[in-house]
Amino acid sequence: MNDSRKVYLDHSATTPVDPRVVAAMLPYFTQKFGNASSVHFFGQEARAAVDRARREVAALIGARANEIVFLSGGTEANNLAIRGVCEAASGHSRHLITSTIEHSSVRGICEGLGKSGWEITRLPAYEEGVVQAEDVRAALRPNTVLISVMLANNEIGTIQPIEEIAALVREERARGRRQLWFHTDAVQAAGRIPLHVDTLGCDLLSLSAHKLYAPKGAGALFVRRGVRLVSQNVGGHQEREKRAGTEGVPGIVAFGAAAKLAREEMAERSQHDQRLRDRFEAGVTERIGNVVFNGDRGRRLPHLSNISFRFIEGEGLLISLDLQGIAVSTGSACSSGTLEPSPVIRALGRNDELARGAIRFSFGKDNTEQDVEYVLEVLPRVVEKLRALSPLNREEMGRRDLEAIGQN
Amino acid sequence: MPLWLLTLIALTYSEAFKDHLANPRNAGELANANAVGEETNPVCGDRLRLYLQVKAGRIEAARFLAYGCPPTLVCGSILTELIKGRSVEEATRLTRKDLLAALGGLPSRKQHAAALAIETLRAAIASV
Ligand SMILES: Cc1ncc(COP(=O)(O)O)c(C=O)c1O
């Protein structure tokens, strides 16, 4: 194998920008550079481009164009959705329901609200990494304002029962309840599985451009007509008063172009990703013992695989793979002698060893079969090497233990 | 040191570090060991086990096993290289700083790995 070979298997962290998307955005830097709020020709040209992009992003999720708010990315979309709705409702009610496996942005936002007096219920995701709609029903209180449950998890890819939760919300509304909204973070799901906001039944939905082959720094929040929220960015009239600030036209244009491609090529892309992922998982099962697949394998995004390698720790594996040109990620972090095993893997009830040994492999449209073969060649060697170092390994295999040696 | 510089160091491991990670020295058990030490970092669970073969006050052979983040593995590997062939007395004087110098430094948030290695060495020597 070529030493300089590079294989990128971290598409859940970010994706390369599609050259067709780059081509679409380029004119908006130098020729069509107007401010979308300006009255003159240059402004009108930029405004028209933003509106076209808005229609494309809306089409990706079955929304109306005027229900799309452009902003800087998934984190900001989650902030506007959760904080925006909670602020609009505070006064009457102060309870919100979320899950234990949300993205760190949602976790952080909820933590902040908790500090300012909100009551937060965090639903379990059980061993399979899937929230139960029945638990939502049980957690509902008369003063619940918002339910925020992600569409698909970013570490293990499990798809959550959004439609069932939405059905509960509809039941509550049918009983005359007004102030109950449902938000879902679809950052990982968009472009990978078909999404339609009317089928899903959510009121708010977060999107991020850089997960679907567009540049970093653009995102969108779907806000269903009739949902009241307080803008988190004030001082301008942009985005129907929901997000002040001059629109980042090139990024928005790119997002629109990427959304269009994602819609047109979704079936092809997800089949491709899934074929590589399944081939990879079959190879791992065949060649490496003592592995645990994390997340319900029948209910996952097609491009993602999360595996715990027993007896070894994820960061060592990550760096060793990196030295061989393979890019993956781990949800755990160890610093200053404090250990933070991936909260998501811990939420599945796995012990610290399994949580620390969890690695995420996420495939993308430009990966090839050769990439998978290369990884399947390198990974078993690296795992074996690290396991040869591990004392946990020996204990498990019942080799002679410390005491026996001590008595020598 | 300015924060940005610390961050930069934290993100990059030295070449010596990467080499030890890719090719650990003296890994595994030592069949004829007559001293062994094992320490666990109670907070993060990192573990290091050191086997020594000591003859006439001299460390003839050293091997290690480790579980934990890369600095822990690398410190185990470097430690065995530093003590092999030395007298027990010299090994006793080895400090965390010597270890850090040998591996080209560690980001401050990872320096506990070097401390674990020195503790394990002391435990092993105590068991002779
Ligand atoms: C599920 C999920 N939500 C939100 C985000 C944040 O998106 P952004 O990077 O655009 O802020 C991410 C990205 O890592 C994500 O995976």
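**Sheet and aromatic contacts**

Reply: In this predicted model, chain B holds an open sheet of 3 strands in the order β1-β2-β3, with antiparallel pairing.

Me: Why do β1 (35-40) and β3 (58-67) of chain B stand at the edges?

Reply: Each of these two strands has a single partner strand, so one side of β1(B) and one side of β3(B) are left without a neighbour in the sheet.

Me: How do you know that strand β2 (residues 47-55) of chain B is joined to β3(B)?

Reply: Pairing requires at least two bridges, and 9 bridges join β2(B) to β3(B), which run antiparallel. Within this pairing, Val54(B) stands opposite Ile59(B) in β3(B).

Me: What makes Phe309(A) and Phe361(A) an aromatic pair that is edge-to-face?

Reply: The ring centres must lie within 6.5 Å, and planes over 60 degrees apart count as edge-to-face. Phe309(A) and Phe361(A) are 6.4 Å apart centre to centre, with 75° between the planes, and form an edge-to-face pair. The pair links distant parts of the chain, 52 residues apart: Phe309(A) is in strand β10 (residues 304-309) and Phe361(A) in strand β14 (residues 358-362) of chain A.

Me: Why does Phe309(A) count as buried?

Reply: Buried means under 20% relative accessible area; Phe309(A) has 0% relative accessibility and therefore counts as buried. Phe361(A), at 0%, counts as buried too.

Me: How do you know that the charged end of Arg297(A) sits over the ring of Phe293(A)?

Reply: One part of the criterion is a distance within 6 Å of the ring centre, and the charged end of Arg297(A) sits over the ring of Phe293(A) at 3.8 Å from its centre.

Terms used:
Residues are numbered from 1 along each chain as its sequence is written. Chains are lettered from A and ligands numbered from 1 in the order in which they are written. This is a predicted model: local features need pLDDT of at least 70, side-chain atom pairs count only at pLDDT 80 or more; totals for chains, interfaces and linings use all residues. Side-chain values use heavy atoms; hydrogens and water are left out. Helices (H or I, at least four residues) and strands (E, at least two) are DSSP runs, numbered from the N terminus. Rings of Phe, Tyr and Trp (its six-membered ring) pair if their centres lie within 6.5 Å; planes under 30 degrees apart count as stacked, over 60 as edge-to-face and the rest as tilted. Buried means under 20% relative accessible area, exposed over 50%, partly exposed in between (1.4 Å probe, protein chains only). A charge sits over a ring if NZ of Lys or CZ of Arg is within 6 Å of the ring centre and within 35 degrees of the ring normal.
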